[in-house]
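Take a first walk through this structure. Keep the sequence and the 3D view side by side, and find each element as it comes up.

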Amino acid sequence: MSPARRAAPALLLSCLQALYAPACRPGAAGELDAFTPWQPAESPAPAPAESPAPAPAAVRSVSRGDSLGVPPSPPSVSCDFVTAGSFDGKPVAPALAAMNGGRIVNIIPSRKSGRTVKVTLLLEPAWRVFFKPRHRVHLFTRPQGEVGAFRLNRMLGMNHVPPAVVRILDGSVIHSAFKRHAPPERLEQLEREVLSESSDEMTGALLLWADDGWVFEPTGALLGKLARPEARLTPREQALVWDLTWMFILDHLTNNYDRFTGGNILRRKDGRLLFIDNGAAFGPEQDWKAERRRGRLKYLARHSPVVTLALRRLEARVMAACAGDVLTARDIDGVLARRDELVAHFDRLARDCPEKCRLTLELEAP
Ligand SMILES: Nc1ncnc2c1ncn2[C@@H]1O[C@H](COP(=O)(O)OP(=O)(O)OP(=O)(O)O)[C@@H](O)[C@H]1O
Ligand SMILES: [Mg+2]
């Protein structure tokens, strides 16, 4: 059997092993509601061309308790798994550093269709990123959703979501680029829905661009096979089923209902899947979202100990330490409650259908 099969994904293991190193410590629970853009622990962050980001919440230090009766702080947590390794062949740590503070050398209004305005940026020295600004309308999509989904994907040992940060850009610079290069209706949309009269600040999510990815929509036949563990799968389908299993897990945890509106899954040349457009993640709970989420459990018809272990290892304090700048305490509670739904689901499956419902192929994170 090839080492990639039946092997716990490498990123998952490095993530789980790294959790107790001292690079990053949890913030106090009361601080979770404050929203501050995050920066990697030791990024060299070049001087930003626009407003500097507030101090990183995720790397704040917390002193230990002492004999004066101060409760000891929780064991320290490392968030190294956020910056480890590469995505789409690009090293993640320098990509995040550039995304957090790198100088912008080119601004290209996106011609992609969709409900919101988007911008392709080139950052020094040669990073191509996608900027999705926060809109005053279309509140279903938020920068924190993109960043929270990226961090949670890494916490789980996945590597399917583009690295993302929240960044505040100079809106007047983006506006000028739109005046010169954007179609009139996009310029008008930017002015109406994004720019503000009172401030030049334009907050949004920056996402690392995946060069190796083409839009992929799972067919009804493939989804049907996903829901039927007895269905025979070709080797190609086995790999797709593994990646789609992680996709449905991520969407369940983040409460993201917006996966199948078109263009939100990419497929690489090697067949692996990337999950983009996570802006709808972590919004407020609604009955219709819960119903849709539970309805999609039918696509999680196969289990694996690797998957269940990753879910069980999610911890509030790690999420608070490593994503507390973009997720509120309520968001984190929501993730854990939905994690419990998933664990109960997979435990049932493993008990009632131990062999026939086992995932036949387990792959390392892409
Ligand atoms: N990080 C990325 N790497 C490569 N391609 C991307 C990336 N992000 C987005 N794209 C491309 O841009 C398209 C639009 O992006 P996205 O789905 O995030 O926004 P959207 O659906 O248009 O947003 P909305 O409907 O909320 O306006 C995607 O379908 C995909 O083709
Ligand atoms: Mg989309």
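**Strands, core and ligand**

Start with strand E7, residues 201-208, where six of the eight residues are buried, so the strand is largely enclosed by the rest of the structure. Bear in mind that this is a predicted model.

E7 has a partner in strand E5, residues 127-133. The two pair in the antiparallel sense over five bridges. Find Phe131, which stands opposite Leu206 in E7. Then find Phe130, whose bridge partner in E7 is Leu207. E5 is also well covered. Six of its seven residues are buried, so E5 is largely enclosed by the rest of the structure.

E7 pairs with strand E6 as well. This pairing is antiparallel and runs over seven bridges. Here Leu169 has Met202 in E7 as its bridge partner. Strands of a sheet pair through backbone hydrogen bonds, either parallel or antiparallel.

Now go back to E5 and look at strand E4, residues 119-123. Five bridges join E4 to E5, and the two run antiparallel. They form a hairpin, with three residues between them. Leu122 stands opposite Arg128 in E5.

Next, a single residue. Where is Pro162 placed? Pro162 sits in the loop between helix H4 (143-155) and strand E6 (164-170). Is Pro162 buried or exposed? A residue counts as buried if 20 or more other C-beta atoms lie within 10 Å of its own. Pro162 has 29 such atoms within 10 Å, so it is buried. Leaving out residues up to four places away in sequence, Pro162 touches Phe87, Phe150, Leu207, Leu208, Ala210, Leu274 and Ile276. Pro162 and Ile276 are 114 residues apart along the chain, yet their C-alpha atoms are separated by 6.9 Å.

Another sheet has three strands. It is open, with the order E8-E9-E10 and antiparallel pairing. Strand E8 (214-215) and strand E10 (273-275) stand at the edges, each with a single partner strand, so one side of each is left without a neighbour in the sheet. Two bridges join E8 to strand E9, residues 265-267. Val215 stands opposite Leu266 in E9.

In soluble globular proteins, nonpolar side chains tend to be buried together. The largest nonpolar core here has 82 residues. Met99, Val129, Leu250, Met319 and Cys322 have the most contacts inside it. Helix H8, residues 235-254, gives the most to this core, with nine residues. Domain 1 (44-52 + 81-208) and domain 2 (213-352) both give residues to the core, so it lies between them. Look at Met319 in particular. Beyond its neighbours within four places in sequence, Met319 is in contact with Met155, Leu314, Leu327, Ile332 and Val335.

Finish at ligand 1. Which residues come nearest to the ligand? Of the 17 residues around ligand 1, they are Gly114, Thr116, Ala210, Gly263 and Asp277. The shell around ligand 1 divides into seven nonpolar, seven polar and three charged residues. Domain 1 and domain 2 each supply at least three residues to the shell.

Terms used:
Residues are numbered from 1 along each chain as its sequence is written. Chains are lettered from A and ligands numbered from 1 in the order in which they are written. This is a predicted model: local features need pLDDT of at least 70, side-chain atom pairs count only at pLDDT 80 or more; totals for chains, interfaces and linings use all residues. A residue is near a molecule or strand if its C-beta atom, placed from the backbone, lies within 6 Å of it. Ala, Val, Leu, Ile, Met, Phe, Trp, Tyr, Cys and Pro count as nonpolar, Asp, Glu, Lys and Arg as charged, and the others, Gly among them, as polar. Domain bounds come from an automatic or database domain assignment. Two strands pair if DSSP finds at least two bridges between them. Helices (H or I, at least four residues) and strands (E, at least two) are DSSP runs, numbered from the N terminus. A nonpolar core is a set of buried Ala, Val, Leu, Ile, Met, Phe, Trp, Tyr and Cys residues joined through C-beta atoms within 7 Å. A residue is buried if 20 or more other C-beta atoms lie within 10 Å of its own, exposed if 12 or fewer, and partly exposed in between; C-beta atoms are placed from the backbone. Two residues are in contact if their C-beta atoms, placed from the backbone, lie within 7 Å.
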